[in-house]
Amino acid sequence: MTWFDAPEWDDAVEALRGASSVSLACHINPDGDALGSLLAASLGLKQLGKSVYPSWGATSVEVPYSFSFLPGADLLVRAADVPAEAAFLALDCGAGHRLGSLEERARAAPCLINVDHHPGNDNFGTLNIVVTTVSSTAEIVTRLLQDLGVTIDKEIATCLYVGIVTDTGRFQYANSTPDTLRLAADLLSFGVDAPQIAQEVYESSPFGFLKLTGRVLDRAVLHERERFVYSWISRKDLKETGVAPDETDALIDLVRSTRAADVAAMFKEQSDGSWRVSMRSKGRSVGALARSRGGGGHELAAGFTAPDRETTAAGLVAELAAAGDGS
Ligand code: AMP
Ligand code: MN
Ligand code: MN
């Protein structure tokens, strides 16, 4: 059966069914959807008797603290140990480069299945299951596992639910459709502990996160006319507050919460001195802004990397001003 109008669905199911070992990777700096999809797919394929090698293309595959409760994390292997000769399943990667150091190996695999929901996905797979109408890659993985005959259990359902909850911003964004909510409800019926997950994901920050939040909110800059708000997190902030870089994702949601702005950005200084920029919008598109700067994402949530904070912020202000309200 073909789901979601993905023409290569049956071929992808066949390829996975026929594979005795599967390498799996999500995007670098993984979020809840990337990790949930990766671990759910790994647990499901393992249940079918396949050898699985889940990872992502970074030097360390340490799961961020707020996702460390996810079942299946014990299956993770180092990127260097991901075999190239196995079928390769890429999850939640809007472009090949999101595989990081695993991109080359993925492209060399006999079969590269690209399962994703980002608009503008560059179809880097040999088989591409790109469905932009769903909330999360986890939604697609759910259907994929069902078609493969995997018995969804509490562990798999937990991973899938986390993918959906996080990518819908706890079911509050426009991508949370009736189908999404029905699927989430089905997953709960497998015994998923939703309140426990909410605590693990959203209420497990270190104390220093409160101090970091104070800094970030205090220095937020508002461009009233452009209805644009932004702030930043430096490496010094992280060092002084004791917060890990992967524990800062929630801050953009606080900055965007002012009614004075429609577009929000968070600049995060990287170890090489460059800045990862997260953008969020309440309506006008930020996908193009990110894509034209070498990044990507969705229309209302996108990101890119830039060498310099101040020049980049000024460039964004100018572009938002030029685009006016109609973009
Ligand atoms: P983030 O702000 O990191 O949560 O990312 C928001 C969205 O943009 C997610 O869908 C990411 O996958 C995507 N994204 C973030 N950074 C990049 C990048 N450098 N290149 C492509 N997509 C990105
Ligand atoms: Mn993601
Ligand atoms: Mn996603």
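User: Is His27 buried or exposed, and what is its relative accessible area?

Analyst: Buried means under 20% relative accessible area, exposed over 50%, and partly exposed in between, with a 1.4 Å probe and protein chains only. His27 has a relative accessible area of 2%, so it is buried. This is a predicted model, where local features need pLDDT of at least 70, side-chain atom pairs count only at pLDDT 80 or more, and totals for chains, interfaces and linings use all residues. Side-chain values use heavy atoms, leaving out hydrogens and water, while residues are numbered from 1 along each chain as its sequence is written, with chains lettered from A and ligands numbered from 1 in the order in which they are written.

User: Which atoms coordinate the manganese ion (ligand 2)?

Analyst: Donors are N, O and S atoms within 2.8 Å of the metal (3.2 Å for Na, K and Ca); water is not among the atoms, so sites may look incomplete. Here the donors are His27 (NE2), Asp31 (OD), Asp31 (OD) and Asp92 (OD), at 2.1 to 2.7 Å. Along the chain their spacing is H-x3-D-x60-D. His27 lies in the loop between S1 and H2 and Asp92 in the loop between S3 and H3, so the pair ties together parts that are 65 residues apart in sequence. Helices (H or I, at least four residues) and strands (E, at least two) are DSSP runs, numbered from the N terminus.

User: Which residue bridges the two manganese ions, ligand 3 and ligand 2?

Analyst: Asp92 does, and the ions lie 3.6 Å apart.

User: At what angle do H5 and H7 cross?

Analyst: Two packed helices are described by the angle between their axes and the distance between the axes. Axes are lines fitted to C-alpha atoms, for helices over the stretch in contact (heavy atoms within 4.5 Å), and angles run from 0 to 180 degrees between N-to-C directions. The axes of H5 (residues 154-167) and H7 (residues 194-202) cross at roughly 60° and come within 11 Å.
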